[in-house]
Every structure is written in structure tokens, then in C-alpha cells.
Amino acid sequence: MSDNSENPRSGAAGRTAAVIPAAGRGVRLGPGTPKALRPLGGTPMLIHAIRALTQARAVSLVVVVAPPDGTEEVRAALYAHPLPDDAVEVLVVAGGENRQESVRLGLAALPDTVDVVLVHDAARPLVPVELVDAVAAAVRGGRPAVVPALPVPDTVKEVKPGEGGEPEPVVATPDRSRLRAVQTPQGFDRATLAEAHQRLADEPGEGATDDAGMVERLGAPVVLVPGHQEAFKVTRPLDLVLAEAVLARRRATDGF
Ligand code: C5P
């Protein structure tokens, strides 16, 4: 007799999928190939991110949201870097104009059997698998929206954006002890996240950069769990230097 409780990938409760928005151009990193395909330790960032998600016990499907003109490049990268675990299915879909649209297109590709979704930025390639597991477990434990976060080391100012290089006037200084910087993967009850994306799809503007913020606007409760320093986002050139150093240390200490 089989016992599904030991293997969350085949549990009767429904599947857990990861959606990886990877359709950004990464202009802040400088010119070149799409950010998700830039190498880190010789391997594209996106491949690191996919490996981290597929190593999580719960995840049985990964949907990669590629640049609209880059789906073949992403498929070629996946072919060149096969996953060690073929129990995990990987789909590639084309992304949109902004992150919100890319996530919505990723969600649309999920089969009906998926009831928990983790949304993870390709730009956070070094997320530890323990963090992925912790977020997934908290959603399975009944939280509709779970976000990893860290305290903010700097004091943060709210400004009225200045024009033409003028110094920016400060509007407020929020109490730092009540601020958190959020990371990914953010975990959601699928129906809750899908509803948020459906309701806010037609709003004007640049689109949300944070899925949890969209769920907050529905009025659903969002909770934070401790994030991890190594889940940082690779945005600017110095972040690449840090990411290479973290990877080199991992390789030296645990043969990663
Ligand atoms: O630009 P930002 O750093 O906020 O991007 C976060 C994530 O969203 C990245 O992994 C990026 O590839 C993704 N993204 C996307 N589609 C866009 C813009 C960004 O999937 N149109």
C-alpha cells in the first residue's frame, strides 16, 4: 500500500508548483543577454533558481516565464543544463510587458491539480532550498500568503521625487524597526493569488512588483517568515560580484 503522506510531490492534497518570472531584460545590470541567462559560476542564473526550486520537497512543477522573444533561448539553456531530478516537470511560457503580466501568464499555464503556488524571481538564483521548503510548508499549514522577509539595515526615507537632478525633499522617516525587506519565493493558496491577478489585471500603470501586495489589496491576510541573506536579488553589477563569491564559498565548503 502506498502512503502519500511521506511524499508531498504525490500527495492527495494537490500539487505545489513554482512560477519563475524570468522575462526581465535586466537593464540595471548593463547591456547584454536577458538577465536570467547571464552566467553565474558558468551556469545561467535561471538554472540556479530552477535547481533551488526543484530541490524543494514539495515542488513537482516549475513554470518558467521567459522573455517573449526568448523562449527558445530559455529552452536551449534547460536542454544544456538538465535537472538532476526528472520527477519535476518544467514548462516554458512567454512573459509580458511587466512582472505582474509575466506572473499572470505563468499562472495561466498551471494545471487544475495545482493548489499551492510559489512565485520566485529568476533574479534570486541563490535562494537556499530550506527557505523554499519553509514557505511551502507555511502555505500548506493554512496561510493563504507567505512572504520571506528580513529587517532593513539602513534607515529609509520617504521622498517627494525631485525633478531634473534637484535634491529630493524628505517627506517622512518610517520607524525602521517596523520595516521589512521582502524576498521570494512568495507562497500562495493558488485561488487567492489567481483572484488577485484577475481583479487587478486591467489597472493602469506599471503593474505590481510584488505579488503579496496584490493579495493585500484583496484584503487577504499576508504573513512574513524569516528570509535569508543569500536570497538577495541580483540587480546591479555589484550584486553579481557578491553572487559569485557566495557560489565560490558554497563550492568550497560543500562541493555544491
Ligand atoms: O525588474 P525586477 O528586478 O523587479 O524583476 C524581478 C523579476 O521579474 C525578475 O526575475 C525578472 O526577470 C522578472 N520580470 C518578468 N517580466 C517582466 C519584468 C520582470 O518576468 N516583464
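Let's start at Arg 217, which is exposed, with a relative accessible area of 55%; here exposed means over 50%, buried under 20% and partly exposed in between, using a 1.4 Å probe and protein chains only. This is a predicted model, in which local features need pLDDT of at least 70 and side-chain atom pairs count only at pLDDT 80 or more, while totals for chains, interfaces and linings use all residues. Residues are numbered from 1 along each chain as its sequence is written, and side-chain values use heavy atoms, with hydrogens and water left out.

What does Arg 217 pair with? Its salt-bridge partner is Glu 203, with the closest N and O atoms 2.8 Å apart. A salt bridge here is a side-chain nitrogen of Lys or Arg within 4 Å of a carboxyl oxygen of Asp or Glu. Glu 203 is partly exposed, at a relative accessible area of 38%.

Now turn to another pair. Arg 99 and Asp 121 meet through their side chains in a salt bridge of 2.9 Å, N to O. This pair links distant parts of the chain, 22 residues apart: Arg 99 belongs to helix α3 (residues 99–108), whereas Asp 121 lies in the loop between β6 (114–119) and α4 (129–140). Helices (H or I, at least four residues) and strands (E, at least two) are DSSP runs, numbered from the N terminus. Are these two residues buried or exposed? Both Arg 99 and Asp 121 are buried.

Asp 121 also forms a salt bridge with Arg 124, at 3.4 Å from N to O, and Arg 124 is buried as well. Across the whole structure, a search finds eleven salt bridges.
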